[in-house]
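Visitor: Please walk me through this one. I will ask as I go.

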Amino acid sequence: MRDMLTLMHVQVLGLLNSFAPNAQGMPRAARARRLVFVALLALLLVAVFAGYTALMAIGLAVSGMANVIPPFAVAAGSLAGVFFTFMKARGTLFGTRDYDLIMSLPVPRRTVVIARMATLFGSAIAVAAIFMVPMYAVYLVMTGASPVSIVLAALSVVLAPLAPTALATFAAFAVTALAARFRHAGIVYIVLALLAMLAFVMGAYGFSFTAGVDHEATVAATLQVATVLESAITSAYPPAAWAAAGIASHDALSFALFAAASIGVTAACVEVMQRFYLRINGMLAGRRRRARGRAAVGARRTPFTAIVVKEFRTLLGIPSYAFNCLFGYLLMVAIAIALSVMGLRGILMSGAIDGIDQDALAHMGDRIYLVIPWVFAFCASTGASSTISVSLEGRCAWIMASAPLSVRTILWSKLASNLIPVGCSLVLSTVILLVSGQIEPLIAIELLIVSLGLFHLWANVGIAIDAARPNFSWTSANEIVKRSMPITVSVIGGMVCEFGFGALCVALIPDMASIAAAHATAIGVGVVAAILGQLLFMRTARTARLYIV
């Protein structure tokens, strides 16, 4: 137990170091301020999600369907983090830089695997708590809390995500084992996961079509759906029924079955994975050595092209990196196809957005087309892979340091490796919308200017942060990809900018001036953002001293 706690302590230090690197000369006060900022941001996001979850539970309770809350809470808490666990598991268990050091310690292999998985279980339990605690609070207040129900509800928050997280990790483990045997299986892994993410988003969006826009019909449909919701959840996911029976009816046997299933499945998955852990890591290491050998012989390239190709390979070689950055590109094309098939007015009239009916749509008129550029700008901002490209050099940073290249060339190559796929996705989406007749040429130009301009600005903000204090001390790429300050600031800053200026152009300017003025403002924002991004890039290229730590 002491060894496992020590290894878990190392994982926690790695988590803190990913937010505020300690090895780059950052003062202690600056690190503390950054960690406080991250904590406050996390608390804000938790409060928002918890508030929405509580409102949903209140709606069920007020409608007389409080009995649905316990099984729904268990199912939501169990499955909320499954997909993200699947994406993060490979980078957490395999390919870590400290693998040789950790495995050489006199620590059982099972302990190492459990310590590695502790971060996955911890994040899954945290996500489960965000969903389950507000729902349980509403349920216990509305139905009258008993000490037994409170204790069992608290236990279910910890137990519910264990088995699904273990199974998701085991699935990633199995896919990794397959990828270790084939040269391109890793790319297939990324493609399948991206398609699954897209299917999940489209499925959640498509489900909203069933609501309709008539209020009475919506209420009736909600009551009908909620009536069968409990039986549907419990039949599709029996552990939810076992846990709900314990919480609602104080059925100790059912809750004990739920606890045994959660712990038993987790233990079985851990046992299987620890038996093959060394073998799969060895196969991955051998494949990397063969890949480096093949890469040593190739066509002659310019430095710019060579770095761009290297960045593409890095992106595709780290699944969590690819998931974070490629999904936005795929979503842009999917949205363009959906708009070309259904049309923007058809999507709005489908009932997917509450409060939009024929009269509201007629009142909006051509204003609805002001939304399109900001939607694609939002998607583009989620794929800022260049913002962490300096830190991802890691222990190989000396290669760039010894290359006879300027900082400007290196940074421009990294930025171009991000701009190329973003630009291609935007151009393809724009062509689809133009050919289908959904937008006019002016809207197409506006879409490209706004999306590329804002992306260029916030990508350079992230590059500036990363180049100023690169974090080369990471042991897993997930530390940089998931939790680093450059990508966090870039993505959140871009989203705030897009929502803010988008609301200004869609809601305010058409009433204060005209729709033409709103289009002109959007184009102006894109142009100014592009100029500011270029100025920031030039400053970063002039002042940054890369790879000197």
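Visitor: Which residues of α2 are buried?

Guide: R31, V38, A50, T53, A54, A57, L60 and A61 are the buried residues of α2. Buried means under 20% relative accessible area, exposed means over 50%, and partly exposed is in between, with a 1.4 Å probe and protein chains only. Helices are DSSP runs of H or I with at least four residues, strands are runs of E with at least two, and both are numbered from the N terminus.

Visitor: What sort of model is it, and how are residues numbered?

Guide: It is a predicted model, in which local features need pLDDT of at least 70 and side-chain atom pairs count only at pLDDT 80 or more, while totals for chains, interfaces and linings use all residues. Residues are numbered from 1 along each chain as its sequence is written, and side-chain values use heavy atoms, with hydrogens and water left out.

Visitor: Back to α2. How far does it reach?

Guide: α2 has 35 residues, and its first and last C-alpha atoms are 50 Å apart, close to the expected 51 Å. The expected span is 1.5 Å times one less than the number of residues. Just after α2, G64 has a positive phi of about 80°.

Visitor: Which residues form the nonpolar patch on the surface?

Guide: L44, V48, Y52, L55, I58, V62 and M142 form the patch, with about 730 Å² of accessible area together. Helix α2, residues 28-62, gives the most to the patch, with six residues. Patch members have over 30% relative accessible area and no salt bridge; nonpolar side chains (Val, Leu, Ile, Met, Phe, Trp, Tyr) are joined within 5 Å, like charges within 9 Å. Areas come from the Shrake-Rupley method with a 1.4 Å probe, and for residues only the protein chains shown count as cover.

Visitor: Y52, buried or exposed?

Guide: Y52 is exposed, with a relative accessible area of 60%. Y52 lies in helix α2.

Visitor: New topic. How many salt bridges does the structure hold?

Guide: The structure holds six salt bridges. The criterion is a side-chain nitrogen of Lys or Arg within 4 Å of a carboxyl oxygen of Asp or Glu. One of them joins the side chains of R110 and E271, at 3.0 Å from N to O. That pair links distant parts of the chain, with R110 in helix α6 (residues 109-143) and E271 in helix α12 (residues 252-295), 161 residues apart.

Visitor: Which residues are joined into one salt-bridge network?

Guide: The side chains of K310 and E311 meet in a salt bridge, 3.0 Å from N to O. Salt bridges with shared partners join K310, E311, E393 and K414 into one network. K310 is partly exposed at 28% relative accessible area, whereas E311 counts as buried at 6%.

Visitor: Switching to α11. Which of its residues are buried?

Guide: P239, A240, A243, A244, G246 and I247 are buried in α11. Seen down the axis of α11, the buried residues fall within an arc of 160°, so they line one face of the helix. The arc is that of the directions from the helix axis to the C-beta atoms.

Visitor: What follows α11?

Guide: H250 follows α11. H250 has a positive phi of about 60° although it is not a glycine. The residue lies in the loop between α11 and α12 and is partly exposed, with a relative accessible area of 39%.

Visitor: Last one. How many aromatic pairs are there?

Guide: A search of the whole structure finds four aromatic pairs. Ring pairs link F304, W412 and F537 into a cluster. Rings of Phe, Tyr and Trp (its six-membered ring) pair if their centres lie within 6.5 Å; planes under 30 degrees apart count as stacked, over 60 as edge-to-face and the rest as tilted.
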